[in-house]
Amino acid sequence: MTFRRLWIGQLFSNLGTQVCLYALSLWIFRLEGRLQAIAAVLVVVQLAKVATMPVISRWLPGWPRRRVMVVCNLLSCSSSLCLAGSLALRGGELPLWAVLPWLVVAASMEAVLGLCLSTMVPLMLPQHRWAAVNGWVAGAEGVVNMASPFLGALVVIHLGLAGIAGLDALSTGVALICLGGGRWCEAWQAPPDAPDQKPLVGTRNNLRHFIRWPLTRSLLLMGVTMMATCAAVEVLFPAWILAAFPTDALPRALLISAITYGAGMIVWRRYGTGHWRFWLVVGLLIQAFVLMAAAWSGFEQLIPAWLFGVGAFNFAVPIVVAALQTLWMNAVPIQQQLGAFAARHALEWAARLFGAAAAAALVDYLMHPLLNTTVLGQWFGQGVGRAMALTLALVGLVQLAVVAFQTPALIRSSKWAANGSHS
């Protein structure tokens, strides 16, 4: 058994689950004709992931990882198949409240699988390979997140419910084959015991411990800010394109995003073996300055410059995610990573929900009225597109402030030593 095989299996599992969740939400939308159905599904999926982490972090340390991953794959697939079957039998008669529990199960199991995979990197691989592996894991996760909405729409249009069920079953089968092949060392099932490194129990205790130490406090604040920023961009960026740019801007932006995202993965793979603090800070600064540039109205007229900004932002995404994960992995002792990463993921996913909701509220209730009724409209321009652009700039300013305040502590702090203190 190798980590590569394990990662490939969970990559297929994650892709299948994400595509099916998007496809099922779109199927429900076609039945009801209301966007609230899609919004409800996306919110419930994120809340399920947030709520799962505190619960699973208490029980997972005592369970064999391989068995947990097999059960999670089976439960995730079973929930999707049951939901697809219910929609096929009852169609539009099935109320939304009856759909959501099945989605909660699928999302929760996928969250547990992601936590298992991230905490098994230091168990299965030597430390000098963590950075490179984190780059591939982070890059693949980003590709899955970007591709899932489009693949989900294609599945709904061309294959229907049978295609949704078949895709999830196929991806689960691949994951189970990868999990079942090869011999698992006993050390991979759980971290070795260390009397001086007892895991902290509970999300609150872990978060309290993060805030106590400068390095983990900086990583937590930067990670939460990055997650909220990405969520806001996911909400505002497509709408900004539709409101203020030519019709051919969206496919060009998607192409540039894909190319530069891949370039970021390659750069990290080649040069990201060290200096992780540097890569994290530089990547976050690039994103912040690109977003702040959206405040300039001429940015919308210079399409090549705008595309360069789109490319720069996406180039930094895999680098930031991989650097952040590698720093976390080196900062927290292996015995404490499961509970610590569960708490971290819960807070970051909550930040995603907050970022998406705050971005929409700022555009509708603050930026748009301000531009229409104050002198700001004469300086920055008016219209819905300008309101979205200024909100993006505000998000970038917040990220810049967080990076500026946390970088000194990040640079001064050394990694968490074996006895749990900072040297």
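Let's start with the whole chain. Of its 423 residues, 53% are buried. Keep in mind that this is a predicted model. The protein chain has 15 helices and 0 strands. Now look at contacts in the chain with a separation of 6 or more. Residues 24 or more positions apart account for 84% of them.

Next, the core. The largest nonpolar core holds 61 residues. Which of its members touch the most other members? They are Phe3, Leu6, Leu219 and Leu280. And which helix gives the most to this core? That is helix α4, residues 96–124, with 10 residues.

Let's zoom in on one of those members, leucine 280. Leave out residues up to four places away in sequence. Leucine 280 then touches Leu219, Met222, Val320, Ala323, Leu324, Leu327 and Leu410. Leu219 is also on that list of members with the most core neighbours.

There is a second core, and it is separate. This one has 34 residues, including Leu236, Ala359, Met388 and Leu392.

Now a helix pair. Two packed helices are described by the angle between their axes and the distance between the axes. Our pair is α5, residues 130–158, and α10, residues 249–271. Their angle is about 165°, and the axes lie 9 Å apart. An angle over 145 degrees counts as roughly antiparallel, so α5 is roughly antiparallel to α10. The crossing of α5 past α10 is left-handed.

Who meets whom here? On the α5 side, find Ala131, Ala132, Gly135, Trp136, Ala138, Gly139, Gly142, Val143, Met146 and Phe150. On the α10 side, find Leu254, Tyr261, Met265, Trp268 and Arg269. Sort this contact by class, and you get 11 nonpolar, 3 polar and 1 charged residues.

Last stop: valine 174. You will find this residue in helix α6, residues 160–180. Is valine 174 buried or partly exposed? Its relative accessible area is 24%. Buried means under 20%, and exposed means over 50%. So valine 174 is partly exposed.

What does valine 174 touch, not counting residues up to four places away in sequence? Gly9 and Phe12. Now find serine 13. Along the chain, serine 13 and valine 174 are 161 residues apart. In the model, their C-alpha atoms are separated by 7.5 Å.

To recap: the chain has 15 helices and 0 strands. Its largest nonpolar core has 61 residues. Helices α5 and α10 pack at about 165°. That's my tour.

Notes. Residues are numbered from 1 along each chain as its sequence is written. This is a predicted model: local features need pLDDT of at least 70, side-chain atom pairs count only at pLDDT 80 or more; totals for chains, interfaces and linings use all residues. Side-chain values use heavy atoms; hydrogens and water are left out. Axes are lines fitted to C-alpha atoms, for helices over the stretch in contact, and angles run from 0 to 180 degrees between N-to-C directions. Helices (H or I, at least four residues) and strands (E, at least two) are DSSP runs, numbered from the N terminus. Angles under 35 degrees count as roughly parallel, over 145 as roughly antiparallel, 65 to 115 as roughly perpendicular and the rest as oblique. A crossing is left-handed if the near helix is turned anticlockwise from the far one by less than a right angle, and right-handed if clockwise. Contact means heavy atoms within 4.5 Å. Ala, Val, Leu, Ile, Met, Phe, Trp, Tyr, Cys and Pro count as nonpolar, Asp, Glu, Lys and Arg as charged, and the others, Gly among them, as polar. A nonpolar core is a set of buried Ala, Val, Leu, Ile, Met, Phe, Trp, Tyr and Cys residues joined through side-chain atoms within 4.5 Å. Buried means under 20% relative accessible area, exposed over 50%, partly exposed in between (1.4 Å probe, protein chains only).
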